[in-house]
Amino acid sequence: MAGTISPYKTNRRSAPAGSGSAGRGAGGRERSGLGQKVRRNLSAHGFLFGALVCFGFFTWYPMVREVIMSFQKTKRGKTTWVGFDNLERIFDDPDFWHAWRNTFLFTLLALVLGFALPFFVAVLLNELRHAKAYLRILVYLPVMMPPVAAVLLFKYFYNPDYGLFNDILRTLHLPTSAWLNSPDTAMVSVVIAATWMNMGGATLIYLAALQGIPGELYEAADLDGAGLLRKLWHVTIPQTRLILSLLLLLQIVATMQVFVEPFLLTGGNGPQNSTMTVVYLVYEYAFDLGGNNYGVASALGLVMLVVLAGFSALYSRLSRNSDND
Amino acid sequence: MAAKEPQMRTIVPQTQLNRPLGKAVYWTVLTVVVVVFTLVFIGPLYWLVTGGLKSTQEVIQSPPTLFPSEIHWGTYATAWRELKIGRLLFNTVYYAFGALAFQLVFDVAAAYSLSKLRPVLGNVILGMMLATLMIPSAVLIVPQYLTVLDLPLLHLNLISTPWAIWLPTVANAFNIFLLKRFFDSIPQDLLAAAAIDGASPLRTLRSIVLPMSKPILGVVSIFAVVNVWKDFLWPMLVQPNPADQTLNIGIRSLATGVPQNVIIAALAIASAPTILFFLVFQRSIMSGLTSGGLKG
Amino acid sequence: MKTNGLLHRSAVAVVVAGLAFSAAACSSSGGGSSSGDGGKAGDAGAPLDPATKVTITADCQPPTTKPAERKQWDDDIAAFNKIYPNVTIKATDGSPCEEPAKFTAQLAGKTQPDLFYAYFTDTNQILDAGGAQDISAYVNEKTVPALKDIDPSVLGTLKDADGKLYGLPVTNYKMGLIYNRKLFVQAGLDPDKPPTTWAEIREDAKKIAALGNGVNGYGDYSATNQGGWHFTAELYGLGGKMLSDDGKKVAFNSAEGKQVLQNLYDMRWTDNTMGATQGLKWPDLMTQTSTDKLGMYVGAPDDITYMVQTLKGNYEDYGMGPMPGGKSALLGGDGRFFKKGSTPDQIKAGVAWVNFKYLTMGKGQFDYSRNKTDGLPVGIPQPSFFGGASLAADNTAKAASATVPVKNYAPYVSTPVPGKTEPANAQQLYKVLDAAVSAVLTDKNADIAKLLTDAESQANQVLSSLQ
């Protein structure tokens, strides 16, 4: 996994990787090399201890347990091994394919809005000579709200009968929309709300990256007589590619596990299951519909894990290739 | 930072802006951007604050009113009292800062160890930590819940205790990764010199590494607090008692049987502390987020 | 929220409804007899010995957003402790009392309270998780004097296949037709004579929709499983069935099932009396009714309470008629279950408390004169699980303290439609049917036969995977 992160930024380490970097400094005591090494390792692991315990209890152990539970079923307090029954069950469920389709659609929409829009906003803000601080604060304001406040506020705006959005459309003599109530627009509505809530973070990161671009590059492009779009395409984007590609990966992984927004806005499934995502399906198997299907939920989680891992591997390979170009 | 900083060279060269046409276009764009951004980002907040001042019938009337026809301050008092927002707010702050403290201690120590002390199997451990970044948290929620219920080996039940929120947040690979990357950039020679002077690793961490790492510590702190602030499903499961709940959970569940205007007032109250905090400290938060080791 | 919000809201508002009478029942359940035969833990059928020292945990104390109900709870605990001074009830509040995720998590971790809230439809889930104790031996005419008057179909929802009892009912609702009397008058209809068949509903809906100004004649839910819930209610009204007799297959792909969808289709597309906004979910129809934008919809009596208390409407404006079709009316509600592993004394204390607070005429939720004083509505026809002498007493007491226009619900009360409980695995079936209802209301070219056939095969698949 570390490989997927590396294109982001490779700070050259000041010391060669591997052991011995600390030993060099204490060269005078080479004689007690072994004891020294043991002591150094003990203290190093001592520093790691707290984090290791927490990872162990709350992430690694549950991962193992997840895999085990995928092949088990618990009914009336008795746990039995059921082989691949749980996997069969999810592949038989029409909701499974439906949920994947929705998840990809959601991810696609979220990329257009949640990934491209903050970049566009960042580029725009970076060009402005005035009111920059004010605008930057504005974009970040929603991030500071408790999500429940932002989401319930949007739910209120989306109400087809008395919501603000339809009222604005009516005032402008435009056709109104059913927003969250229609299978055609529910997903887009969720993405719009999510983007409003979350775009501040990405925008600030892009802004920081943009400010790191050496001005000479633009000057050189000006001398070549490059237009605005060419400069954007040939200077801005390549110069921020590392941060763009890291955020793209994080964004995809994050949107594929989106939960709170659809859960609060449409109750999860949405009209005709139009906002049902894979993570919501996991939740539904495990906690909703009176299922208690931890086994099935775990199996679906496992499938999702494999898909995400495959995606990350593919992604890191692609970005490594393009690095080598 | 902000307006006073010298304008760097960007896509649009300054010379172009000095021409009359360039000037006109620039000021038009600027005006449009300022107006649109204000509407998009302040507009909803305005609606939130004024919605809380309307009567129940007025908030669900169509078409909506821009100003409350009659100001109902009492709605805010009702929301504060009946939804026990003070309690929820306290809980959220308590969980958020507890989580922050644990992360600052354990994650900084771990990142320091992985970056500078380089124990045996350090890279394997880092890899295993980073691997968890790819795992959707919702996927692990079932086994995690069962684990918190009965901690393996120790057989402790953490449900309804703050530990159930604090400790899992330490397992935050992203923060460890950020910290480690920053520590990596601190020259090894500095630490080697300290080691020759006989400084212990802890002392080196305290007196050399941490003072140099303020920007990244700021970023990690913001992330730590924001994560708890925004979390939803996990606190809902591990804090079943309404008296222990966070803002997100408490407001959502109490909202089911409460008039719409009271809900809106509650949302406005709940949003106020963080927004005010942000406005007061925006300068340092902004500079932390934009320069603190996040950029390329 | 979601599915359960709607089935369950009854609980929130319902503590409110009720009757007043007979304080005698409670005293007989309490002291008297038990001290005589000792009430030892070994004797399960005997009432709790007042001398017993026992502590139980309970959920669903009314939240701070319901100050009157919360005060009543505290008063009732104090009164209960006069009879049983050594029983300690440790309560946590809840709103809603049941949150699907939290509930499931609690069952998994066995962290539910000793006396816990659940919907009638949760019984299977609770038993699958091994979460509840068999209380058959503890419930009899001595411990719950009104037992013989409780509707057997309601008690049936709290039993397993072998007839063992796991919980006691606390409240329930029976669906009917809720309508806006103001709009009825404006449309020239008689507000005391609501329609009772779907043909009549269609006609009246046309007249109401003709008022214009965004007013719809009829409305229905079609999201968050509530579309499936209402489909079931309307199917029951027409005499249809959800499940085959052995419970292994669904039976809704029938003439009645088609008629339910056809009615909705006709009103939405042919008559155009339902408006263009669909995908509605609880509480949208109540919001529309309380703002005089909707004429009629299928709902439960406590919807009226919600429209007044939370949406600030007026009791005068709402009426209720019997379930259209009149064959049977969907019946739902909630009860209290007893955690597996509770001690006999804890179970006895729990039974005594539930009996005192929820099942005794004139006490607890049925203390109508107190409800009146506290500004809670009296006269809403809910709960409705009593028959026999208790029903008669309830009606008398309710009439004596009524704070709402009881005559508005006369069409509903005077036409007793038999209650029919929800099917097993209700939420899974509702979810499948939601899509069909939503399709009929949003797609003018919807093929009703195909929608039902698809829903049938999907639902059968769900049922077989649950076996």
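# Exercises on a three-chain predicted model

Helices (H or I, at least four residues) and strands (E, at least two) are DSSP runs, numbered from the N terminus. This is a predicted model: local features need pLDDT of at least 70, side-chain atom pairs count only at pLDDT 80 or more, and totals for chains, interfaces and linings use all residues. Residues are numbered from 1 along each chain as its sequence is written, and chains are lettered from A and ligands numbered from 1 in the order in which they are written.

**Exercise 1.** State which feature UniProt places at residues 89–281 of chain B.

*Solution.* The unreviewed UniProt entry gives "domain: ABC transmembrane type-1" for residues 89–281 of chain B. UniProt positions are in the numbering used here, feature names are shortened, and annotations may be inferred rather than shown by experiment.

**Exercise 2.** Describe the overall build of chain B.

*Solution.* Step 1: count the elements; chain B has 15 helices and zero strands. Step 3: take the extents; the C-alpha trace of chain B spans about 75 × 70 × 30 Å along its principal axes. Step 4: take burial; 48% of the 296 residues in chain B are buried. A residue is buried if 20 or more other C-beta atoms lie within 10 Å of its own, exposed if 12 or fewer, and partly exposed in between, with C-beta atoms placed from the backbone.

**Exercise 3.** Work out how the buried residues of helix H4 of chain B are arranged.

*Solution.* Step 1: list the buried residues of H4(B) (residues 74–82), which are Thr75(B), Tyr76(B) and Ala79(B). Step 2: look down the axis of H4(B); these buried residues fall within an arc of 100°, so they line one face of the helix. The arc is that of the directions from the helix axis to the C-beta atoms. Step 3: recall that an α-helix has 3.6 residues a turn, so residues three or four places apart point the same way. Step 4: turn to the face away from the buried side, where H4(B) carries the exposed residues Gly74(B) and Ala77(B). Step 5: go just past H4(B), where Lys84(B) takes a positive phi of about 50°.

**Exercise 4.** Characterise the contact between chains A and B.

*Solution.* Step 1: the contact takes 101 residues from chain A and 97 residues from chain B. Two residues are in contact if their C-beta atoms, placed from the backbone, lie within 7 Å. Step 2: helix H3 (residues 33–70) of chain A gives the most to the side of chain A that touches chain B, with 21 residues. Step 3: that side of chain A divides into 65 nonpolar, 20 polar and 16 charged residues. Ala, Val, Leu, Ile, Met, Phe, Trp, Tyr, Cys and Pro count as nonpolar, Asp, Glu, Lys and Arg as charged, and the others, Gly among them, as polar.
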